[in-house]
Amino acid sequence: MEFKCPLILDGGMGTMLQRNGLKPGEIPELLNITDPDKIRAVHRAYVQAGSRVVYSNTFGANRMKMEKTGYTVEEIVAAGVRIAKECAAETGAMAALDIGPLGVMLAPLGTLKFEDAYDMFAQIARAGAEAGADLAVIETMSDLYEAKAALLAVKENTGLPVFVTMSFDATGRTFTGCTPASMARTMEGLGADAVGVNCSLGPDALAPIVEKYLAAASVPVLMKPNAGLPQEKDGKTLYNVLPDAFSAQIAALVPKGLRIM
């Protein structure tokens, strides 16, 4: 699959579902089967707003998270990808298999073996490819070792293009100390088709991180920021970057080389 840049992605899934009644502690991926219309509504809102790629509702659809739900990884992933494809087809957009972190640190920082992480990511990747995903997106990673396991699992078990993004804090490093340059060079060397940053901070705060990616990467650079840091008020989660500022801050990076946003 070839993709043309600049490429406009969708926005957040979790915040949209929370707005529509998802409660803390609920597993959003189960809605792919229990309430698919709620997921369709989110995807349709994004494609109608101009998104050329929608991320399937499969961010946490890994074996450990699904084991006590009564559903298999294959069921949840296949349903999520099918819904995304159905909505994307309405405007000729693409459906991405969304893969998030496993929620457990890999050894030596944690207890999860690299081989076990690879196996879990491979299960997700195969299910997404079989369901017809156009590409895979590995996102919100903080550990370069886990990102490596996920990327290798997708590349070695599917033919899908792969975008990889990590989350950075105000220091310019991930939680485990990875820099944008080391991430870009490592992931690109392993075959990533685009690299970048997601979640974390607002677009203005992430601009220096994007510029470091642009200096280090020869593949397209991706940015999918938060609308600033979330804040709790009256039991609601609010974000402090409003739409016009959000758009302008991202647009300012396009002349510098940003290609996917």
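Visitor: Which residues lie nearest the centre of the largest pocket?
Guide: Those are Gly11, Gly12, Met13, Thr15 and Tyr46, out of 49 lining residues. Keep in mind that this is a predicted model.

Visitor: What volume does the largest pocket have?
Guide: About 1700 Å³.

Visitor: And which element gives the most to the lining?
Guide: H1 does, with five residues. Other elements giving two or more residues include H3, strand E3 (135-141), strand E5 (194-199) and helix H10 (243-251).

Visitor: How does the lining divide into nonpolar, polar and charged?
Guide: There are 24 nonpolar residues, 16 polar and nine charged.

Visitor: OK, on to H3. What end-to-end distance should the helix span, and what does the model give?
Guide: H3 covers residues 36-48, and its 13 residues at 1.5 Å each should span 18 Å. The end C-alpha atoms are 18 Å apart, so that agrees.

Visitor: Which of its residues are buried?
Guide: In H3, the buried ones are Ile39, Arg40, Val42, His43, Tyr46 and Val47. Seen down the helix axis, the buried residues of H3 fall within an arc of 160 degrees, so they line one face.

Visitor: Why would spacing like that put residues on one side?
Guide: An α-helix has 3.6 residues a turn, so residues three or four places apart point the same way.

Visitor: What covers the buried residues of H3, and what is on the other side?
Guide: The cover includes helix H1 (14-19), helix H2 (31-34), strand E1 (53-55) and helix H5 (73-88). On the other side of H3, Asp37 and Gln48 are exposed. Just after H3, Gly50 takes a positive phi of about 115 degrees.

Visitor: Which residue other than glycine has a positive phi?
Guide: Thr140 is one of them, with phi near 60 degrees. Thr140 sits in strand E3 and is partly exposed at 21% relative accessible area. Cys199 also has a positive phi, about 60 degrees. Cys199 is in strand E5, and its relative accessibility of 31% counts as partly exposed.

Visitor: Where are there cis peptide bonds?
Guide: One runs from Cys5 to Pro6, with omega near 0 degrees, and Pro6 is in the segment before H1. Another joins Ala107 and Pro108, with omega about 10 degrees. Pro108 belongs to the loop between strand E2 (94-99) and helix H6 (114-130).

Visitor: Last one: is Ile250 buried or exposed?
Guide: Ile250 is buried, at 10% relative accessible area. Beyond its neighbours within four places in sequence, Ile250 is in contact with Pro203, Met223, Pro225, Leu258 and Met261.

Note on methods. Residues numbered from 1 in each chain as written. Predicted model: local features only at pLDDT ≥ 70, side-chain atom pairs only at ≥ 80, totals over all residues. Heavy atoms only, no water. Helix = DSSP H or I, 4+ residues; strand = E, 2+ residues; numbered from the N terminus. Expected span 1.5 Å × (residues − 1). Buried < 20%, exposed > 50% of the residue type's maximum accessible area, 1.4 Å probe, protein only. Arc of directions from axis to C-beta. Contact = heavy atoms within 4.5 Å. 1 Å grid on protein atoms, 1.4 Å probe; cavity = no way out; pocket = protein on both sides within 12 Å on 5 of 7 lines; lining within 4 Å. Points joined across faces, edges and corners; volume = space filled by probe spheres on them. Nonpolar A, V, L, I, M, F, W, Y, C, P; charged D, E, K, R; others polar.
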